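Subject: Structure handover

Hello,

Here is the structure I said I would pass on. Please open it first and keep it beside you while you read the notes below.

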Amino acid sequence: MDESITATCIAPINIAVIKYWGKRDDKLILPVNDSISGTLSTDQLCAKTTISASPTYTETKFWLNGIEGDYKTNLRMKNVIKTMKKLAKKKSPKNKALKWKLHICSVNNFPTAAGLASSAAGYSCLVYTLAQLYGIENEDLTPIARLGSGSACRSLDGGFVHWMKGISPTGEDSVAVQLCDENYWPELRVLIIVVNEAKKSVSSTNGMSLTSTTSELFNYRIMKCVPERIRAMKKAIAERNFKDFGELTMKDSNQFHACCLDAFPPCVYMSDVSHRMAAIVHGYNKNAGETCVAYTFDAGPNVCVYLLEKEVRRFVTMLAAFFPCDAYDEGKFVRGIPIKYLSKISE
Ligand code: 2P0
């Protein structure tokens, strides 16, 4: 009799409006600052993970986008699985599946490691799928997702999510909480404009380590700016105040990239096309007489644009005027309007 068990789940990416950048503990993945993000709908960009456990497997293996990875050297994945098993054992000590090895298959339906939060979707999906596999319910999984990739803890809930840095050296208070669900601000939309699908040259982990150890501006950001921005962003979201929300989002993205440039040697994530996109958004808002579109850039050149539904058509039409044919970026032609995805914020 085949005793093996299987679970499959999908998990979305999230786009931060107040950025996480810098760790106070590399192993436990504890951040130096709070962050806030919006979770995108899973019908556009997501990770899909299938995990099976079987008494016949001789070793745990994983595949990402069809290519087998080296599980033995993947310390973060091993740590996540070990911690999930420990939790499952506490809940049901007699679960024999906990002794079985795993086969893990994960696919992303968007560019992996191009600054589009692929690790956030991937690790939140891994943790959630393991919870289904082992029958874990009603547990806060965010501190375990965090062990895979910090930003993954923000993808376990829909709507807007606040990851609190916590103060404990062991990290139990560094958890993510939902500020509001995906139905709270139904007019809000996110455009993901892929200007380059290439893998980023400096990983987020290395980039944040370099920034936090060499940038003076970084200390100013952490001490003086982020705490006040977190307060202001929570207020803007609570009031559904797009002007404040959009301005804070753009300013925080700009400051995060300024700190990256202040690292030594500098971490350059935005490209010429990214800077042109930012200028287009400012021009659009100036013309409209108010902030109705807001850009934000993660650790890569691709642009995320938050805007209200009523603005989408006009903004996309305007963008088509700037990028009517081939846009040239970093040795690669991007055909037509480089808009690939349109997502509603939801679970
Ligand atoms: C964020 N980023 O808040 C920020 C903004 C990128 C720019 O979280 O080292 O892949 O695995 O914890 O989670 C990317 O960082 O880094 C990230 P690790 P992670 O979304």
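Two residues are counted as in contact if their C-beta atoms, placed from the backbone, lie within 7 Å. Please also keep in mind that this is a predicted model.

Helix 5 and helix 6

With that rule, the contact of these two helices can be listed. From helix 5, the residues are Glu216, Leu217, Phe218, Arg221, Cys225, Arg229, Ala232, Met233, Ala236 and Ile237. They meet Asp244, Phe245, Leu248, Asp252, Gln255, Ala258, Cys259 and Asp262 in helix 6. By class, this contact of helix 5 with helix 6 has 11 nonpolar, 1 polar and 6 charged residues.

How do the two helices lie? The axes of helix 5 and helix 6 (residues 242-262) come within 10 Å, and they cross at roughly 165 degrees. Angles over 145 degrees count as roughly antiparallel, so helix 5 is roughly antiparallel to helix 6. The crossing of helix 5 with helix 6 is left-handed.

Helix 1 and helix 2

The axes of helix 1 (residues 75-91) and helix 2 (residues 118-133) also come within 10 Å, with a crossing angle of roughly 25 degrees. Angles under 35 degrees count as roughly parallel, and helix 1 and helix 2 are therefore roughly parallel to each other. Their crossing is right-handed.

Which residues of helix 1 meet helix 2? They are Val80, Ile81 and Met84, and on the side of helix 2 they meet Tyr123, Leu126, Val127 and Leu130.

Strands of a sheet pair through backbone hydrogen bonds, either parallel or antiparallel. In this model, 4 strands form an open sheet with antiparallel pairing, in the order 2-5-10-11. Strand 2 (14-18) and strand 11 (176-180) are the edge strands, each of which pairs on one side only. From one strand to the next, the twist averages 35 degrees.

Strand 2 pairs with strand 5 (residues 35-39) over 4 bridges, in the antiparallel sense. Within this part of the sheet, Asn14 stands opposite Thr39 in strand 5. Helix 5 (residues 216-238) lies across strand 2, strand 5, strand 10 (160-163) and strand 11, and runs at about 115 degrees to strand 2.

Strands 7, 8 and 9

Strand 7 (residues 61-64) pairs in the parallel sense with strand 9 (residues 101-108), over 4 bridges. Leu64 has Ser106 in strand 9 as its bridge partner. Strand 7 and strand 8 (residues 67-68) run antiparallel and are joined by 2 bridges. Here Trp63 stands opposite Glu68 in strand 8. Strand 7 and strand 8 form a hairpin with 2 residues between them, and Asn65 in the turn has a positive phi of about 50 degrees.

The two domains

The domain assignment gives domain 1 (5-180) and domain 2 (188-344). Taken over C-alpha atoms, the centres of domain 1 and domain 2 are separated by 25 Å. Their contact takes 25 residues from domain 1 and 36 residues from domain 2.

Which elements give two or more residues to the side of domain 1 that touches domain 2? They are strand 2, strand 5 and strand 11. Strand 2 gives the most to this side, with 3 residues. By class, the side of domain 1 that touches domain 2 has 16 nonpolar, 6 polar and 3 charged residues.

Regards

Conventions
Residues are numbered from 1 along each chain as its sequence is written. This is a predicted model: local features need pLDDT of at least 70, side-chain atom pairs count only at pLDDT 80 or more; totals for chains, interfaces and linings use all residues. Two strands pair if DSSP finds at least two bridges between them. Axes are lines fitted to C-alpha atoms, for helices over the stretch in contact, and angles run from 0 to 180 degrees between N-to-C directions. Angles under 35 degrees count as roughly parallel, over 145 as roughly antiparallel, 65 to 115 as roughly perpendicular and the rest as oblique. A crossing is left-handed if the near helix is turned anticlockwise from the far one by less than a right angle, and right-handed if clockwise. Domain bounds come from an automatic or database domain assignment. Ala, Val, Leu, Ile, Met, Phe, Trp, Tyr, Cys and Pro count as nonpolar, Asp, Glu, Lys and Arg as charged, and the others, Gly among them, as polar.
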